[in-house]
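Here are some notes to read alongside the model. Keep the structure open while you go through the points.

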Amino acid sequence: MATLNLMLVDDQLLVRAGFKRLLMTYDHIAVVAEASSGEEALNLYKLHQPDIVILEIDIPGMGGIETIKRFLDKYPKAKIIVLTAHEEFIYLKRALAFGALGYLSKKSAHQTLHDAVKTVAQKKRFVEPDLSQKLFLSELDGGIDPLEDLSAREFGVFLQFAKGLSLPQVAERLNLSESTVSTHLYSIKQKLQLGNQSELILLAHRLGLIHTSES
């Protein structure tokens, strides 16, 4: 079997190290690059041309969803697996809609990650069975994504404000100017008919996107 070259994108060094050790136990897998943000990942992709990008959806800078979008706008043949702590169907639905081929939880069994890599390498979609069932049941129950009208960037901004961060803090984390963040926040409020950040936080809690320990 030909060697599969991977890039890991996660802002937590220890997490990257753990999954790198796991993946390198397979003779046909090599981790050729690591990045802590979407911007860094895009730069490294051009240099290393990995077969697969394994991406945490909650990363600093442009954020995971925007990273997926920009990757596939710039490199249409890129194959992306989301490996994340976020299991909510809205994350899953958005990641797949923007072109990710794989989605699985960090709680997955080690074999599941290997299965995902093998499947996505063949340009086939892989969603962890438990999460796939969650998405299916949500759709079956008529689950609607109230954030559907938000762009990838707005979704990322929404998540940061939902954590209770101030405008300057969001601007710093996403590497944007405060005026740009303010413009995005205004658009978010208009689209979601929200009056203030407190209402935004409540909506994120209701959707299960943010938990008490994060806000």
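1. First, what counts as a cavity: on a 1 Å grid over the protein atoms alone, it is a set of points where a 1.4 Å probe fits but cannot get out, and its lining residues have an atom within 4 Å of a point. Grid points are joined across faces, edges and corners, and a volume is the space filled by probe spheres set on the points.

2. A word on the source. This is a predicted model, where local features need pLDDT of at least 70 and side-chain atom pairs count only at pLDDT 80 or more, while totals for chains, interfaces and linings use all residues. Residues are numbered from 1 along each chain as its sequence is written, and side-chain values use heavy atoms, with hydrogens and water left out.

3. Six strands make an open, parallel sheet in the order 2-1-3-4-5-6. Strands here are DSSP runs of E with at least two residues, helices are runs of H or I with at least four, and both are numbered from the N terminus; two strands pair if DSSP finds at least two bridges between them. At the edges, pairing on one side only, sit strand 2 (29-35) and strand 6 (126-127).

4. Now look at strand 1 and its partners. Strand 1 runs parallel to strand 2, joined by six bridges, and Asn5 has Ala30 in strand 2 as its bridge partner. With strand 3, strand 1 pairs in the parallel sense over four bridges; there, Leu6 stands opposite Ile52.

5. Is strand 2 mostly buried or exposed? Five of its seven residues are buried, so strand 2 is largely enclosed by the rest of the structure. Buried means under 20% relative accessible area, exposed means over 50%, and partly exposed lies in between (1.4 Å probe, protein chains only).

6. Helix 2 (residues 38-48) lies across strand 1, strand 2 and strand 3, at about 140 degrees to strand 2. Axes are lines fitted to C-alpha atoms, for helices over the stretch in contact, and angles run from 0 to 180 degrees between N-to-C directions. Contact means heavy atoms within 4.5 Å.

7. Which spaces are left inside? The whole structure has two cavities of 30 Å³ or more. By class, the lining of the largest cavity has eight nonpolar, four polar and two charged residues. Ala, Val, Leu, Ile, Met, Phe, Trp, Tyr, Cys and Pro count as nonpolar, Asp, Glu, Lys and Arg as charged, and the others, Gly among them, as polar.

8. The second largest cavity has a volume of about 70 Å³. At least two lining residues come from each of strand 1 (4-9), helix 1 (13-23) and strand 3 (52-55), with helix 1 supplying the largest share, three. Its lining includes Leu8, Phe19 and Lys106. By class, seven of these lining residues are nonpolar, none polar and four charged.

9. Finally, find Lys69 in helix 3. Lys69 is partly exposed, at 31% relative accessibility. Leaving out residues up to four places away in sequence, Lys69 touches Phe98 and Ala152.

Key:
1 Å grid on protein atoms, 1.4 Å probe; cavity = no way out; pocket = protein on both sides within 12 Å on 5 of 7 lines; lining within 4 Å.
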